[in-house]
Amino acid sequence: MDRDTIDRAETIRQRLTQLQDSLDYAAKKKTLAATEAKMVAPDFWDNQEIAQTVVGQLKSLKSILEPLEACAAAVGDLDAMLEMAEEDDSFDAEAKAEVARLEAELDQLELKALLNGQHDACGALVSIHARDGGTDANDWAEMLLRMYSHWAAEHDYTVELIDRADNEEAGINSATFAVRGVMAYGYLKGESGMHRLVRISPFNSEGKRQTSFAAVDVSPEIPDSEEVEIDEEDVRIDTYRASGAGGQHVNKTDSAIRLTHLPTGVVVQCQNERSQHKNRAQAWKMLRSRIARIEEERREAEEAARYKTQAKVGFGSQIRNYFLHPDQRVKDARTGHYVGSFHAVMDGDIQGFLDAYLRWRVGQGDQEGK
C-alpha cells in the first residue's frame, strides 16, 4: 500500500471527526430521539400543521445523520481494508477506490453542514416578478418558474402554486409558489436577486437581441408555531377581484387579498383560492415569512457590520446571467459557477449553482474576517 493512500485515509478520519464536531452530532442524535418520541404520541396528528412541521424536522435530521453514520461505518471498515492491502497487494485497487469514494462522500456531507442557518430546514416561498424587457421579461419570468419546478421535481421536493398573474400577451407578470422538502430554503435562499436573460427575441419581428430581467425573492416558510412579531395596525389589507379564466369560472367576488406592511414596504398577495378566508390566511403566512427573512438578514448584517465591504446579494442585485445569443451559457455573477448548456439549466440543472453559492458564502465570511 503506497504512502499517499495511507495519508489520504488519515485525512478522511480527521475530516470526519471535524464534521461530527461542527454538526454537533451528539446533540442532533438527542434531538432525533426526542422528535421520534413526539411522533408516537397518540394525539400527534391532532394538529396537522404542527405534525407536518415535526415530520419535516425529522427528515432534515435524518438527511444529515444517516449519511454521516454510514460514512463513519465505512471509515471503520476502511481501516480493515488497509490492513488487508498491507498484507496482500491484490487489495490495493479496492482500498484506493474506497478512499476516493469516501472523499467524495465527505465533500457532500461538508456541503450539507453549511446549511446551518436559523430557517434553512424550512420550506421556501419563492416569488418571481417580470422586470425590464417588456413581453420578453414576462416570458422569461415564466421560464424561471418552469426551471425551479423542474429542479424541485428532480430532487423530490413538492411545489404548491400560491399566486400567479398571467400577462395578456405571453408569460407571467408574477408568481409565488412554495417548495417543500428537506432544506428547501437552505438551498434556494441564494436565488434571491435579479436574473438576466440575453437572447434573440421571439417577440420582435426584426429578430433583434433583447435583454430581459426577472426578480426572484425567496423567504423561509415559517410554521405557525414560530413567533413572528407583526403589529396588525402596521398592515394595510386590500381586497380585489382575482384574475382567472372566463365563462363559468369567472370570479364574481373580491376574493383576492393584498397585504402591505407599511414599515418595511413589503407587499404580498394571494388569489389562488376561491375563498377570501383561505387567501387571507395564506397571505398572512407569506407576510410572516418575508418579515422573518428581513429579520434574519438584519441579524447577519449586524454581525458583519464591523467589516468594510459586504457582498451584494438580495432581491435587487443581479446575480446570474443567462445567454442564448451569441452563444449558450449561464454564469453566476457572484460565484463564477458556469454551465455551458442553457437548456440544461432551464430543465432544472441548477444544483451546481446552489452548491457553489453555499461555498461562496463561507468564503465571503472568511475574506471579510481578515
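**Helix, pocket and sheet**

Trainee: What span should helix α5 have, and how far apart are its end C-alpha atoms?
Mentor: Helix α5 covers residues 135-154, and at 1.5 Å a residue its 20 residues should span 28 Å. The end C-alpha atoms are 29 Å apart, which agrees. Keep in mind that this is a predicted model.

Trainee: Okay, and how many residues of α5 are buried?
Mentor: 14 of the 20 are buried, so α5 is largely enclosed by the rest of the structure. Buried here means under 20% relative accessible area.

Trainee: New topic: what volume does the largest pocket have?
Mentor: About 1400 Å³. It is lined by 46 residues, and the closest to its centre are Gly-56, Ser-60, Ala-121, Cys-122 and Gly-181.

Trainee: Which element gives the largest share of that lining?
Mentor: That's α3, with 12 residues. At least two residues each come from α2 (25-39), α3 (48-87), β2 (158-166) and α7 (276-304).

Trainee: And how does the lining split by class?
Mentor: 20 polar, 14 nonpolar and 12 charged residues.

Trainee: You mentioned β2. Where does β2 sit in the sheet, at an edge or in the middle?
Mentor: The sheet is open and mixed, with eight strands in the order β2-β3-β1-β5-β4-β9-β10-β11. β2 is an edge strand, as is β11 (338-339), and each pairs on one side only.

Trainee: In which sense do β2 and β3 pair?
Mentor: Antiparallel, over eight bridges, with β3 being residues 172-180. For instance, Ala-165 has Ser-174 in β3 as its bridge partner.

How values were computed: Residues are numbered from 1 along each chain as its sequence is written. This is a predicted model: local features need pLDDT of at least 70, side-chain atom pairs count only at pLDDT 80 or more; totals for chains, interfaces and linings use all residues. Side-chain values use heavy atoms; hydrogens and water are left out. Helices (H or I, at least four residues) and strands (E, at least two) are DSSP runs, numbered from the N terminus. The expected span of a helix is 1.5 Å times one less than its number of residues. Buried means under 20% relative accessible area, exposed over 50%, partly exposed in between (1.4 Å probe, protein chains only). On a 1 Å grid over the protein atoms alone, a cavity is a set of points where a 1.4 Å probe fits but cannot get out, and a pocket is an open set with protein on both sides within 12 Å along at least five of seven lines; lining residues have an atom within 4 Å of a point. Grid points are joined across faces, edges and corners, and a volume is the space filled by probe spheres set on the points. Ala, Val, Leu, Ile, Met, Phe, Trp, Tyr, Cys and Pro count as nonpolar, Asp, Glu, Lys and Arg as charged, and the others, Gly among them, as polar. Two strands pair if DSSP finds at least two bridges between them.
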